[in-house]
Amino acid sequence: MIYALLVIASIIFAILAFRTQRLIASALWLAGVSALVSIMCYLLGAYAVAVIELSVGAGLVTVLFVFAISIAGEEGKVTRSVIPIALAGGVVIVALALLGWLTLPITAVYPPVSEVALPDMIWNQRSLDVFVQIVLVFAGVLGLLGLLAEAKAPLKHSVADEYAQKRDRELEALHEQSLEKETI
Amino acid sequence: MNFTPENIIFIGVLGLLGAGLYGLLVSRNLIKVVVALQILVKAAILGLVLAGNISQQINLSQSLAITVIVADTVVAVIGISLAVQIRRHLGSLDVIDVATLRG
């Protein structure tokens, strides 16, 4: 029963995370999804993942989102999606139906295996993963520098508009030149 | 179908995957695209932990899930900083405005 409640709540939170108009609300719904996923991980016996998911997924990432939204500001305009909504929904339903058809119900029973402890698994058996994580953390620090980097004053128009205006001016000048040549 | 906890959580994984994929296809705001990506990765983490629970190898799945969480956080940081820089330079978070090539 509790599993069903957690699953339904997490799916509703996930849908609300991108359906809501305000970006800050979107970040908070995402934090809710993360918290519910960490509870499910705890119930499945993955205690370390539950703690890390709650502290990193619901804590750090949410703070980053709120910080970024406070810098970038809310986007006021409501935009329609590029892909038709019916097509997007159809693609998702077909993909999920195929995945569910191939995997559900889960009936496989595995014999219990003697497993090594988690620290031994992380530091000895999967030590390459730790090196990859260190490299990723450095990449994340560089990304954070990009977030904090000061930019020049915000442009009044987008770069694309400026280039379009410049191109239009050049075309007009060319047109005027050709008209002058014709009159001569 | 028996509604065992494993089956219920797998349905949750499918639901989160669907929600993330739909959000990724439909969203035009760059920050919402990152949010949809985060939902997809959360489904992947839950799927990994569920697989470890079923195959009685929870420590192996935890080790893999921790790697995925680190990668996911770095992707979020880089995605957000790209979105902020695009907002500073183009004045918009719309993915359509990012395409500045006009022919």
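This briefing walks through a two-chain model, from its confidence scores to a single residue. The model is predicted, and it scores ipTM 0.90 and pTM 0.81. Chain B is built from four helices and zero strands, and the contact between the chains takes 81 residues from chain A and 75 residues from chain B.

**How confident is the predictor?**

- Let's start with chain A: its mean pLDDT is 84, and 93% of its residues reach 70 or more.
- Within chain A, helix 2 has the highest mean pLDDT of the elements, at 92, while helix 5 has the lowest, at 82.
- Chain B comes in with a mean pLDDT of 87, and 95% of its residues reach 70 or more.

**Chain B on its own**

- Reading from the N terminus, the elements of chain B go α-α-α-α.
- Picture a box of roughly 55 × 30 × 20 Å along the principal axes: that's what the C-alpha atoms of chain B fill.
- The radius of gyration of chain B is 17 Å, whereas a compact globule of 103 residues would come out near 13 Å.
- Of those 103 residues in chain B, 56% count as buried.
- Take the contacts in chain B with a separation of 6 or more: 51% of them are between residues 24 or more positions apart.
- Helix 3 of chain B has 33 residues and spans 46 Å from its first C-alpha to its last, close to the 48 Å expected at 1.5 Å a residue.
- Just after helix 3 of chain B comes B:Gly91, with a positive phi of about 75°.

**Where the chains meet**

- Once again, chain A puts 81 residues into the contact and chain B puts in 75.
- On the chain A side, the elements giving two or more residues are helix 1, helix 2, helix 3, helix 4 (85-103), helix 5, helix 6 (127-148) and helix 7 (159-183).
- Helix 3 of chain A gives the most to that side, with 14 residues.
- Sorted by class, the side of chain A that touches chain B has 61 nonpolar, 15 polar and five charged residues.

**The largest nonpolar core**

- This core has 71 residues, and the ones touching the most other members are B:Ile31, B:Leu46, B:Val49 and B:Ile80.
- Helix 2 of chain B supplies the largest share of the core, 15 residues.
- Setting aside neighbours within four places in sequence, B:Leu46 is in contact with A:Val37, A:Met40 and A:Cys41 in chain A, and with B:Ile9, B:Gly12, B:Val13 and B:Leu16 in chain B.

**One residue up close: A:Thr62**

- You'll find A:Thr62 in helix 3 (residues 47-72) of chain A.
- Why does A:Thr62 count as partly exposed? A:Thr62 has 18 C-beta neighbours inside 10 Å, and a residue is buried if it has 20 or more and exposed if it has 12 or fewer, with partly exposed in between.
- Not counting residues up to four places away in sequence, A:Thr62 touches A:Ala27, A:Leu30 and A:Ala31.
- A:Gly146 lies 84 residues from A:Thr62 along the chain, and their C-alpha atoms are separated by 18 Å.

Definitions and conventions: Residues numbered from 1 in each chain as written. Chains lettered and ligands numbered in written order. Predicted model: local features only at pLDDT ≥ 70, side-chain atom pairs only at ≥ 80, totals over all residues. Contact = placed C-beta atoms within 7 Å. Core = buried A, V, L, I, M, F, W, Y, C linked by C-beta atoms within 7 Å. Nonpolar A, V, L, I, M, F, W, Y, C, P; charged D, E, K, R; others polar. Expected span 1.5 Å × (residues − 1). Rg over C-alpha atoms; globule rule 2.2 N^0.38 Å. pLDDT = per-residue confidence, 0-100.
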